[in-house]
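Please read the account below alongside the sequence and the coordinates.

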Amino acid sequence: MPEVIKEVPPIWTTGWTDILNTGTWRSAVPVHKKRPAPCHKACPVEGEIPVWTQLVKAEKYQEAWLALAANNPFPAVTGRVCHHPCEGSCNRGEYDGAVAINALEHYVGDLALQEGWSLPKPEKEREQRVLVIGAGPAGLSCAYRLRLEGYQVTVFEEKPEAGGVLRYGIPQYRLPKAVLAGEIKRLQELGISIETGRRFESYELEQYEQEYDAVFLAIGAGKAKSLPQFPSDKRVLNGLEFLARANQNDTIALGQQVVVVGGGSVAMDVARTARRLGSYVTVLALEDGEHLPAQTDEVTGALEEGIAITGGAMVQEVQSSERGLGLACVKVNLDPEAPPGVLKPVVVPGSEFSLIADQVILAIGQDPETDVWNHLLPVKQTLFQIKPDFSTDRPGVFAGGDDASAERYVSSAIGQGKMAARSIARYLTGGSGSVDEEIVSLEEPVPFKDINTFYFPSQSRDYKGTTAAEQRVRDFSEVKTGFSSDQALAQAERCFSCGSCIECDNCFYFCPDMAVVKDATLEEHYRILDQYCKGCGSCVEECPRGAVVLKEESR
Amino acid sequence: MGYYNIQEEKVFNSGHAACPGCSEALAIRYIINTLGPDSIGVVPPSCIAIISGPQPLSSMRMPVYQTTLEASAASATGISRALKAKGNDHTNVVVIAGDGGTYDIGFQSLSSAAERNEDFIYVCLDNEGYMNTGAQKSSSTPYLAYTTSTPSGKPTPKKNLAEIMAAHRIPYVATATTGYPEDLARKVARAKELKGTGLRFILVLTPCLDGWGVADHAGPKTSRLAVETGVFPLYEVEYGERYTLNFGSKGTPVQAYLSQQSRYKHLRPEQIQEIQSQVDANWERLRERFSVP
Amino acid sequence: MSGERILVNGNHAAAYGVRLARPMVVPVYPITPQTPIVEKISEFQAEGQMEVELVTAESEHSAMSACITASLTGVRVFTATASQGLMLMHEMLHYASGARAPIVMVNVNRTIGSPWGFWPDQTDSLAQRDTGWIQYYCESGQESLDTILQAFRVAEKVLLPAMVVHEAFYVSHSLEVVEVPAQELADQFLPPFTPPHRLDPEIKESWGNTVNQDMFYRHRKTLGEAMDNALAAAKEADADYRALVGRGYGIIEEYRCDNPEIIIATMGSMTGTAREAVDELRAEGLAVGLLKVKLFRPFPLKDVRRALTGVPKVVVLDRNFAPGTGGFLHQEMKAALYGMSDGPEVHGYLAGVGGTNIPPAKIKDMVREALAEKAAAEPVWKG
């Protein structure tokens, strides 16, 4: 305004309200912050799921894959076999069905193999050497993370090929060998040396402790459990051995009727493999049909393929005869009073029944072969005793995966390998550094109520993703069909991106006080103008994904 | 990556005196920041007058004339005609008034300005009552809503002002609300574009946090529920004839909208059902007018 | 550059004055007996004799509302009304002066309902004396025409609205020969209106925000100063007009006031009748003068005191009535003259209230009565 105009009767305005400090009204101030998504919190490898799904949404596929691979070198593998607790915790599950995260991972993982994308090279080389025993998911994950930091990593694997349970346990119809080989090859290209056919004996430990700066034991759980009521008979196989042979394309004659004992994932793999070999299969499990430890989709798959599952039953006696094995069975209930992890069957009187089997395959669990190590390292109930940082009593010796945990999920093993690598790196740098500086967040994940569903029009998960059962049982072709690019995009679109700002500007647009400003120089992208913000919380409410929180202020 | 794309000119200032989270302030932002600084505002007594700023300061970087409660449309007429007389064909004249000043005491002058088809934009920020004086009923207050002058609930329905204005056959009538800021800004831009054709009227539902009894952060959410339940459909009418629906009922039960607000907390289930029936009937009646079914 | 002489009624004469002033916006609403003014302006516009935005408002309230904003937007504004219309405008009259909008309005005095009547009575405009408007009372169409031009000049100088008043029928509908000055003279007298403060996006000043007590106090005080300044401005405008056009009226008029025994004080059309009565009484040998109060707001206090210094008696004739006090001019005169050691005794007669006819003979009777009697404190009803 011109100066002369300011000399006016008091009815004309002379200035603007932006000199007023309305910020003094508030009792709380909004803070833009990245909060953990429930999927991230549930992910065994601490995957940044909202980050890479948003990159998929933006069709930045290679960046998406790099974000995925940052925590897990096997996206194509876990995209197929992960038990995906992420989906179980997905906030969208409370709305219109969880995002099909696992299938998205599958899509991105396959795209990387197809396009031949490489993992990033270490930024610098380090001289320190680490020996990893076992080229299964835990061992290779640990090797990967250490290699990324520039350590020299050697992996010993007693089997002819690397992969561990991925190679010898999981059937091809779930995980094609080429996929696994592709992802392992990429690790070797990164400079990880894998020596296959190299069995490591416990007595060698002291020697290798001298040669290497650290050792990571990831020998897996390769010893099948047995049941006393079953005789030693060629008609009684253990599941691990059966799967290993099937995975090496051995010819196995099973006969017409196969009974699989066990209710876990291995039991399902065994049953479905046997079904593909032409047998009629019955599964007997202690747990009732609703509570089998196997993953739901595995059980569903088995049922679709014509496998009979008898839950809440056990074999009491086995009669061997020319006709086959006569199994005297009985229905049981599990004692709810039993300690956690212990199955205590209680027989239901008068519920006896019998089965005839040409072949019985036991899939009731497996243990690591730790007995030969117990003079060197503490072992408890077949597991290496480790500290929370995966270290053992021996300095520089770490253990993880199935040999140290009863979790027995591929992704858990990968996650443990990753976390062990973090500890090994810290150990190797004298406790100061780590593989990455990521701190495991103690913050609670974003709850569903913090999601503003107006911004997410209902769009059903709409994903089956398997071939027809009749087709499936004919051979070992892969069951999961995977996403088309359109399906992948549609699915990525469904991600709420809980707690991760995607710069949608809603906080900016809904502020009645213009107290939110965009600032590209800030990591959180926005700045709150302290002078004007009245603390109404509209930006918090209108953030579709809970990436703004209100912080109480005291004056 | 956003949900909205709104171009703003910075006309509305921070530091204004609206309540925290005020829907009217948000509406004003998109009204005057869309019109731009080459505008003259007319504001009658209302919360908008408070928001305009305490003397000697203004929250709007454009001239604003505060008039008397019943005179907004006449005041805007005076400005519009004076500009015309001076040969100015570019400055926007805009009234921003509340529902009391529009539906009730200001209706006579508004209807006359519409009949004369005066060349200005009239925006009614409708918070369904005299909220600035402590929540008394206006003729915009909905059926059964509590106000301090209808403590047992208003016994008669809300006046349908958008339809009344459409019946004046003015160039443009639109309904908008703060939960759909881009739609609001687009309608203001459309009204601006139609300068020279006559009176353009925009009815903006602006939930009053205090008067309706909703949380400080719940303005936009409440506004969207009004749309999704069919209580307040968003549409445009050109020359009283051409109807276009922008956002209408999604079939969300009206209960979802009413239960957010303490002004409806006294309702009995059968009263909610009665409101639902009225909303359904109004929505059906309106639907018949849209050219595209 | 002499003007045109035409035979017109008082309202049309006013319309010619308006045409000369070149207002750019004229909001109108019809009401008897004012309607011929806006009809004539509409006719001028239709015939291309005036370039003006006519707003056919739905009420006087809206008409005045539009006047205020048009004026604040920086253009010259005119309107006209009467009686009930003025009553409906009341709120906006205050608003207009508060806004310092130099609107000029003609009010044709008419009785206020209820009951209904259409008769000359000044109560409508006098009841607006405290609204902050300058008020001129005219006795003829010619005077109204000339005063409209002067009113614009004064109003725009001090930034206050001004009302030019004449009475129903006696002036509004009576034919008389009127001289309409040449447009060039009017333009010379009344330059274009360019207020420094206005509603203008280039300046961005806003008007009408809520103020605090101190601001309100200052605002009212400033308004009062503007009203005070209007006295000098009105005198100057009248003098300039006289110099330019050859006609002037003064803010008061003293007619045959040399050494009087009594002076008749009145306003509006009654002054014409009173002038006749004075002539007759003077012919009869009675020393009678006439004081015409033309400018009623601001009240020309000093001029009135000077005019009545040493005069024994004044008889105030009011064609208006404020129940509870009496005639408006009577009250104002008493207040103006209070405390004068050599001031007159003031007689207040209510004469012509409701539009009753007051011929010269009746005025002469009232003068004789006032000379014979002591002044009553109360108003005296005189039909």
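In this predicted model, chain B and chain C bury about 2800 Å² between them, and carbon and sulfur atoms give 58% of that area. Three residues, B:Gln55, B:Tyr65 and B:Arg81, supply 22% of the area that chain B buries against chain C, more than any other three residues. The contact involves 38 residues of chain B and 36 residues of chain C.

Polar interactions also occur across this interface. Between chain B and chain C there are 17 residue pairs in polar contact, counting pairs with both residues at pLDDT 80 or more. The salt bridges between chain B and chain C number 2. A salt bridge joins B:Arg81 to C:Glu53, with an N to O distance of 3.2 Å.

Which elements of chain B supply at least two residues each of the side that touches chain C? They are strand S1 (39-43), strand S2 (57-58), strand S3 (64-66), helix H3 (72-85) and helix H5 (107-116). The largest share, 10 residues, comes from H3 of chain B. By residue class, the side of chain B that touches chain C divides into 15 nonpolar, 15 polar and 8 charged residues.

The next contact lies within chain C. This chain is divided into domain 1, residues 4-245, and domain 2, residues 252-382. Taken over C-alpha atoms, the centres of domain 1 and domain 2 of chain C are 27 Å apart. In chain C, 27 residues of domain 1 are in contact with 29 residues of domain 2. The two domains of chain C bury about 2300 Å² between them, with 53% of this area coming from carbon and sulfur atoms.

How many salt bridges are counted between domain 1 and domain 2 of chain C? The count is 8. C:Lys292 and C:Glu143 form a salt bridge, in which the closest N and O atoms are 2.8 Å apart. Polar contacts between the two domains of chain C amount to 23 residue pairs, both residues being at pLDDT 80 or more.

On the side of domain 1 of chain C that touches domain 2, at least two residues each come from helix H5 (123-126), strand S6 (134-137), helix H6 (141-158) and helix H8 (213-245). H8 of chain C gives the largest share, 5 residues. This side of domain 1 of chain C is made up of 15 nonpolar, 5 polar and 7 charged residues.

Over all chains, the count comes to 94 salt bridges. One further pair is found in chain B, where the side chains of B:Arg289 and B:Glu163 meet in a salt bridge at 3.4 Å, N to O.

How far can the coordinates be read? Where pLDDT is low, predicted coordinates should not be read in detail. For chain C the mean pLDDT is 97, and 99% of its residues reach 70 or more. The model as a whole scores ipTM 0.97 and pTM 0.90.

Conventions
Residues are numbered from 1 along each chain as its sequence is written. Chains are lettered from A and ligands numbered from 1 in the order in which they are written. Side-chain values use heavy atoms; hydrogens and water are left out. Domain bounds come from an automatic or database domain assignment. Contact means heavy atoms within 4.5 Å. Buried area is the accessible area (1.4 Å probe) that two parts lose on being put together, summed over both. A salt bridge is a side-chain nitrogen of Lys or Arg within 4 Å of a carboxyl oxygen of Asp or Glu. A polar contact is a pair of N or O atoms within 3.5 Å; within protein, one must be able to donate a hydrogen and the other to accept it, and residues adjacent in sequence count only if both atoms are side-chain atoms. Helices (H or I, at least four residues) and strands (E, at least two) are DSSP runs, numbered from the N terminus. Ala, Val, Leu, Ile, Met, Phe, Trp, Tyr, Cys and Pro count as nonpolar, Asp, Glu, Lys and Arg as charged, and the others, Gly among them, as polar. pLDDT is the predictor's confidence in each residue, from 0 to 100.
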